[in-house]
Structures are given as C-alpha cells and as structure tokens.
Amino acid sequence: MPSFENTVGTLSLPLIPLGGIVAFPDLPFYLEVSDSASLAAVAAAGEGEGLVFLVSLREPTEKEYKTDDFCTVGTLAKLNDVQKTDDGVRMTLGGLVRAELTEIEKSGNAYSARVIPHPEESDGFSRNLREEALLREGKRALAEMVKFMPALPDGMAAKANRIESVGGFADFVGANFLVRFEDKQTVLEQFDPAERLECAVTLIREETELLMCEMSIHKEVRARLSQNQREYYLREQIRVIEEELGEDGDSEIDEYERRIKEAKLPEETEKKLLKENERMAKTPFGSAEASVLRNYLDACLDLPWNKKTTDTPDLAKAKKILETDHDGLDKVKERILEFLAVKKLNPELRHQIICLVGPPGVGKTSVAMSIARAMGRKYVRVSLGGVRDEADIRGHRKTYLGAMPGRIIAALTQAEVANPLILLDEIDKMTHDAHGDPSSALLEVLDSEQNKAFRDHFIEVPFDLSDCLFIATANTLEGVPRPLIDRMEVIELHTYTKNEKMSIAKHHLVGKQRERHGLSAAQLRIADGAIAAIIDDYTREAGVRNLERKIAEICRKAARRIAEGEAEKVTVNAKNLADFLGPAKHFAEKIASRDLVGVVNGLAFTEAGGDMLRVEALVMPGDGKVELTGSLGDVMKESAHIAVSYIRAHASELKVPQDFHKNTDIHIHFPEGAVPKDGPSAGAAMVTALVSALSGVPVRHDLAMTGEVTLTGNVLAIGGLREKTMAAVTAGVKTVLIPADNMRDLVDIDAGARAALDIKPCSSVDEVLSLALVGKRTARPALTTRPLSHIGVGAAGGRDGV
C-alpha cells in the first residue's frame with residue numbers, strides 16, 4: 001500500500017466524481033460507474049499505480065465540471081478490483097488517506113485533480129484522557145442509536161465497538177451509521193481525529209433524536225392505518241349489502257361522470273376530470289385523498305365553461321344608463337361607448353384592459369358597476385388591497401391542506417358566466433413577499449394574447465379569460481410595475497368640481513340617504529345653499545365620500561326629530577346647517593384686501609384637490625443666509641435656491657440691490673407648517689415674492705400664479721392645472737398666470753373657472769413680473785436697520801405631477 005507520510009506538496013490523480021455518497025479512508029468502497037468521465041479516470045488509474053481521487057459533488061450537474069462543483073475534501077483510494085458490466089465497470093476500492101482538493105483539470109473525457117494528502121498517524125492504543133472519554137461516549141451513543149435501527153446488518157455494531165482508534169471509529173460511524181450525505185461529508189472534512197470523533201458523536205445524538213421521532217410518527221401512522229382499514233372493510237360490507245338489495249353503491253361516482261359529460265367541456269378538461277373521477281372511485285370514501293378529489297371536481301364543474309351573457313347592442317340605452325348613474329366622468333363614458341360601438345361591429349374583438357386612476361371617492365368602483373349594467377354583463381369585484389401572495393391570484397396546488405382556487409377563478413364561479421365584468425379593485429395596494437409577487441401573476445391575466453389559456457394552480461386545466469372585461473382601479477400608479485401598466489389603458493378621473501359635487505349630491509346622494517334613513521322628500525328638504533356650505537365648510541376632498549357622510553348625519557338628526565315628535569318635516573339651509581353639523585370645519589383661503597409688498601398667491605395641487613397657499617418671507621440685515629421653513633420637500637427647497645440664484649444673476653435688470661446676497665438674510669416660510677409640501681411649481685411665485693421684497697414694489701392681491709422656473713428664467717409646465725384654477729376661483733382670484741406650455745390643458749379645466757378667470761400664459765420670469773408687480777421697480781438700498789417687509793409667496797403644496 002502506498003505511503004503518504006512524507007508526501008510534500010500536491011499530487012495529480014484521476015478524479016472520479018461521486019453523487020450523494022462519501023468514501024472514507026481505511027475502509028473498502030464499492031462503486032459502479034458508467035459515465036464517460038469516471039470510465040476515463042478508471043482507465044487512467046489502471047495505466048498508473050491504480051490510485052484515484054474520490055470526491056463528492058455539492059449538487060448533481062450535467063454540465064462540464066468546475067472546481068467549485070466539488071466538496072473541498074475527498075479520499076485517495078486504490079483500485080483493488082475492476083470488473084466490466086454491460087454499460088460500465090464495477091470496482092472495489094480501498095480508501096487510503098484524506099486529501100484536500102485544490103484544482104481540477106480536464107483532458108479529453110478524463111478529469112484529474114490536484115490534491116494535498118493529509119496522512120494520519122495511527123493512534124494505536126495511546127490516547128489522552130479527552131480522546132478516551134470521547135471514544136467511550138461515542139460507543140455509548142452508538143449503542144443507543146442502534147436500538148432504533150432494526151434493519152442494521154448483523155455484527156455491524158459489534159464491529160464498531162471493537163475499534164479502538166479515535167479517528168477510525170469516527171470514520172466507521174460516518175460510513176455505516178450516518179444517513180445524510182451532509183453529515184458524512186462533515187465527518188470526512190475533520191482532519192484532527194479528536195475533533196472528528198466529537199463531531200461524529202454530536203451527529204449520532206442528532207440522528208438518534210430523529211429516529212426516535214420517526215418511530216413515534218410510525219406508530220401513530222400504523223394506528224391510523226388500522227382505523228382506515230377497518231372503515232374501508234365496513235364500507236365494503238355496506239356496498240355489498242346495497243348491491244344485494246338492488247341499490248347503486250357507486251351513485252356518487254356515476255353522478256360526477258354524468259355531470260362531466262353533460263358539461264360539454266374542452267377535450268383536455270374532460271379527459272382530466274374523468275381521470276380524477278376514476279381515481280376517486282378507487283379511493284376509500286372517508287380518506288383525505290377522496291375529500292381532496294371531491295373538492296377538486298366540484299370546483300371544476302362549478303365553473304361556467306359555456307355560459308355567457310349577451311352584450312347590449314343598444315348604444316343609446318347604454319349611454320342613458322351611464323348618464324343616469326354618474327355626473328361628469330365624460331372620458332370614461334366616451335371610452336365605454338367607443339368600446340361598445342366597436343364590439344357591435346366586430347363581436348370577436350379581444351377586450352382591452354381599462355385602469356381607472358384617481359383620488360379616493362371620485363367613483364371608480366361605482367362607475368365599473370354602471371359599465372356592467374350598461375353592457376348587460378354580470379359584475380364581480382376582486383379586492384386586491386393587501387394581497388401579497390402569488391397564490392391569491394393563481395390558487396394553490398390541490399395537494400396542499402386547505403387549497404383553493406385563486407381569486408380570478410373564484411370570481412368566475414361567483415359570476416356564473418364566462419364573460420363577466422371583473423373589477424380588480426385597488427391594484428396599486430398589492431405588495432409581495434417570499435411567497436411571490438401577485439402583480440407578476442396578473443401579467444398573464446391582463447394579457448389578451450395569453451389569458452385565453454389561463455391555468456390556475458388548483459384547477460390545473462386551461463380556462464379562457466379572453467371574453468372577460470377587466471377594469472382595474474388605483475389611486476396612483478406609483479408602485480405599480482411598468483409591465484402591468486403597459487397592459488392597461490389608463491384613464492384618469494379628476495377631482496370633482498364644486499358644481500359637479502352639487503349635482504351629484506342633489507341627484508344621487510340626498511335621495512339615497514333619505515331612503516336609507518326611512519325619510520321622504522316631504523319630511524326632509526336640504527336646500528342648495530346647505531349643500532354648497534357642506535362642500536365649502538365641512539368637507540375638503542377630491543371625491544364625495546365625506547359629503548355623503550355629512551348628508552347621512554343630517555338625515556339621522558332629522559329622523560330623530562321626526563321620530564320624537566319634535567317636528568313633522570325638517571328643512572336644512574345654510575343658516576341652520578350648524579344646528580345639524582356643528583361649527584364649520586374648514587375655511588377656504590381668501591385673497592388679501594389690498595396689494596402688499598411681496599404677497600404672492602400660489603396655487604397648490606393636493607390629494608384633496610386644489611388650494612391657494614401663501615408663503616411668508618422676511619428680509620433683514622445679515623450675511624446672505626437663506627432660511628426655508630414650513631415642512632418643505634427637497635424639490636421645493638431647490639426651487640427657492642434657484643429663485644435666489646436667478647435674482648443674483650439679474651439684479652441690475654430686476655432693480656434690486658447688487659450686493660443683497662452679502663448683507664441681507666432671507667427667510668421664506670410656508671404657513672401650515674405641519675403639512676408637508678413639495679413640488680417645483682412654486683418657482684415663479686418665489687421669484688416674484690423675492691423681487692417684490694427686495695425692490696419694494698407690491699404684488700397684485702387679486703392675482704395668483706403657478707409655474708416652475710429654471711436658472712435661465714424660463715417658466716416650465718406644471719400639473720394639476722384643473723384643480724388649481726378651481727382653487728383660484730374659490731379664493732376670489734381674478735387673474736391667474738400659468739406656463740405658456742399649459743395652454744393646451746385649458747380644454748380640461750372647468751367651464752366655470754374659464755369664465756371667471758383671466759388666464760395669462762407666461763413663458764419667462766420677465767412676463768410674470770410685468771404682470772404681477774404693481775408700479776415701477778427701483779433699486780432699494782441695502783438693509784442696515786430693520787426688516788423691510790413681511791411678505792407672502794404662493795407655492796404648490798404636495799406633489800403636482802410635473
């Protein structure tokens with residue numbers, strides 16, 4: 001036998017990869033191989049000294065081997081016997097020493113390994129106290145483990161007990177008693193004999209605990225099997241008795257078979273269900289598998305495979321329904337009528353996916369219900385808020401405990417037709433975790449080219465979703481994956497104007513709440529002035545939810561007065577509204593009564609709609625510091641610095657002190673400091689306010705402005721123009737300055753706002769200043785004593801979408 005005790009450096013040996021098994025030194029090893037790499041290694045070893053390197057793969061692979069594919073430690077072995085078989089060779093090897101793998105090389109089909117041998121000195125009977133204790137503990141642990149291994153070959157445990165070598169005992173245990181590959185490899189990788197035995201003892205204890213647990217489970221399973229066998233025997237007796245009495249014992253199986261054949265299912269689906277029905281016939285009635293198969297067949301047969309409703313071809317009727325149910329929403333109505341018109345001309349049209357995006361309460365969900373009614377389709381809602389598991393969309397495999405179909409298939413079962421209108425509500429509220437991303441699962445559902453063969457994990461057969469009309473809703477598209485947005489046609493629902501809210505309240509909300517509270521029109525009358533006051537003073541929202549709540553509150557108080565006999569009928573107007581709702585909750589911002597130095601009215605776009613927002617700035621002697629307060633975001637702070645830089649660069653043209661940045665401090669403050677504010681559209685207002693403060697020229701009090709400013713003095717387009725102009729009208733503004741590029745958006749603003757406002761387009765800061773400032777600008781001396789003015793600057797609060 002070769003000796004490696006004096007070996008220095010590395011050896012190059014033929015490599016035989018092992019899959020899921022481990023070879024140990026000083027122990028025989030039997031192996032049968034048929035792959036080209038192993039056969040080439042055996043041939044190469046036969047031409048030399050018969051030495052090979054046996055090392056285990058970390059994971060099985062069919063690709064070309066790399067060094068990282070193998071464990072770091074293997075065994076040098078000698079070929080003792082090689083016999084040819086039909087498709088390979090069978091060999092007997094003797095393990096020699098551990099070796100550490102450093103690199104592999106390939107030549108033709110053969111792999112060779114460069115290894116560092118780690119020979120081990122025989123400890124014989126000379127052991128220290130710790131090694132002696134470890135050996136005894138190992139033999140005790142092994143004896144306890146053997147009690148739970150009835151299939152152990154005869155004499156194996158006795159042979160282990162006769163081993164007195166510390167390292168040899170550990171290797172013998174690893175080779176013959178440990179079960180898991182990882183445990184065997186862990187023992188092999190320990191070069192120190194004492195550490196190896198300590199590791200082996202730990203693994204023996206863990207394996208013993210596992211065997212004890214398995215034994216306990218095995219006893220429980222056998223007990224349950226005995227009970228199941230008894231139940232099966234009794235049921236077979238019942239079946240025989242039923243047959244003797246002329247009764248049909250297979251009525252359930254026959255019933256499922258009849259339903260499957262009568263359902264006129266697609267060929268693939270019918271074949272699958274018949275196969276599952278045959279499986280159930282061979283399964284004991286009360287078994288868990290029979291229950292799973294029964295639930296599966298019920299879920300599949302409850303689906304509306306061939307049931308469909310017919311779309312309403314009457315466009316005039318559909319238009320009337322949409323107009324009756326909703327005020328405004330012209331773009332949505334127009335898009336639905338266009339869809340119905342095309343569908344009438346081309347019934348085979350594959351449906352587009354519509355996504356309604358808008359603030360809460362503007363009618364996204366209710367308009368979907370109206371669309372279903374206008375088209376004559378069944379309506380079903382799928383709430384996606386908080387969904388974080390892909391299985392919620394695709395379902396769970398039916399083998400799992402408590403498995404069920406996904407929400408799409410469940411919605412079709414609920415609708416009982418194959419072409420309903422499915423509302424995917426709150427699509428922007430989905431999230432994801434380790435169980436998958438539900439938005440990715442929706443990609444197939446919302447793709448008209450793919451959803452004709454949608455496979456739910458529970459159903460396992462394709463279902464055609466191409467006849468369904470999907471409408472999604474979202475408050476914002478932020479956070480919605482881009483590929484999902486690309487599959488949908490996005491229609492934005494804007495904030496309701498005051499006139500639209502008045503119309504909705506009069507035509508829908510008041511009557512709805514009167515009926516809900518048991519009141520008639522004669523018993524409760526709410527004047528238009530009261531509704532207008534509720535909108536202005538008690539609610540501040542984009543939609544009408546809070547408006548409906550306030551109307552409901554009035555109805556409750558009126559119902560109590562009538563029920564208690566206090567009054568026979570109740571009339572609510574602007575004067576007595578506070579008796580029902582208490583003092584006003586909101587106060588609209590109004591313009592100042594006169595022109596002031598630096599007072600600039602800015603226009604803001606918030607989640608609740610438009611608003612007018614002032615900003616106060618103070619100039620004082622100092623060293624050029626700029627202070628910004630009022631919960632401002634980074635974009636708004638940058639806009640303030642751009643305003644200061646522009647004024648410094650054009651100080652002489654703007655008639656402001658040339659050295660104001662050296663001896664003047666500027667403090668800009670946005671009121672309502674608890675409300676976060678951000679966005680670039682305050683730039684024009686800040687430039688105007690600072691120029692006014694530094695030059696002493698007042699700003700028109702009946703004028704408001706919005707627009708982003710660049711360092712070169714250009715005024716760029718902004719978002720939310722519709723809401724901002726509505727806020728300007730409410731505040732009493734007469735003139736509004738907007739970026740010239742926003743003139744194309746005037747078609748979208750409220751007609752009442754267009755009529756009430758003098759809208760001026762501006763493309764540069766000079767145009768803004770010429771329209772906003774009153775009088776002629778003159779350069780003011782540098783500040784030396786006290787602040788010149790206490791001024792206000794308008795700005796956009798919140799994100800304005802530019």
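**A walk through the chain**

Guide: The chain holds 27 helices and 28 strands. Keep in mind that this is a predicted model.

Visitor: What radius of gyration does the chain have, and what would a compact globule of 802 residues have?
Guide: The chain has 41 Å, whereas a compact globule of 802 residues would be near 28 Å. Along the principal axes, the C-alpha trace spans about 110 × 95 × 55 Å.

Visitor: And how many of the residues count as buried?
Guide: Of the 802 residues, 47% count as buried. The accessible surface comes to about 40,100 Å², and carbon and sulfur atoms account for 50% of that.

Visitor: What about contacts between residues 24 or more positions apart?
Guide: Those make up 75% of the contacts in the chain that have a separation of 6 or more.

Visitor: Switching to charge: how many positive and negative side chains are there?
Guide: There are 102 positive and 125 negative side chains. The centres of the two sets lie 8 Å apart.

Visitor: I like aromatics. How many aromatic pairs turn up in the whole structure?
Guide: A search of the whole structure finds five. Take Tyr65 and Tyr111: their ring centres are 5.2 Å apart and their planes meet at 55°, so this pair counts as tilted.

Visitor: Where do Tyr65 and Tyr111 sit in the chain?
Guide: Tyr65 is in the loop between β3 (51–56) and β4 (73–84), while Tyr111 belongs to strand β6 (residues 110–118). They are 46 residues apart, and the pair links distant parts of the chain.

Visitor: Are those two buried or exposed?
Guide: Both Tyr65 and Tyr111 are buried. Ring pairs also join them with Phe70 into a cluster.

Visitor: Last one, a helix. How many residues of α5 are buried?
Guide: Helix α5 (residues 181–188) is mostly covered, with six of its eight residues buried.

Visitor: Which ones?
Guide: The buried residues of α5 are Phe181, Asp183, Lys184, Gln185, Val187 and Leu188.

Key. Residues numbered from 1 in each chain as written. Predicted model: local features only at pLDDT ≥ 70, side-chain atom pairs only at ≥ 80, totals over all residues. Heavy atoms only, no water. Phe/Tyr/Trp six-rings, centres within 6.5 Å; stacked < 30°, edge-to-face > 60°. Helix = DSSP H or I, 4+ residues; strand = E, 2+ residues; numbered from the N terminus. Buried < 20%, exposed > 50% of the residue type's maximum accessible area, 1.4 Å probe, protein only. Rg over C-alpha atoms; globule rule 2.2 N^0.38 Å. Contact = heavy atoms within 4.5 Å. Areas by Shrake-Rupley, 256 points an atom, 1.4 Å probe, with all protein chains shown as cover. Lys, Arg positive; Asp, Glu negative; His and termini not counted. Charge placed at Lys NZ, Arg CZ, Asp CG, Glu CD.
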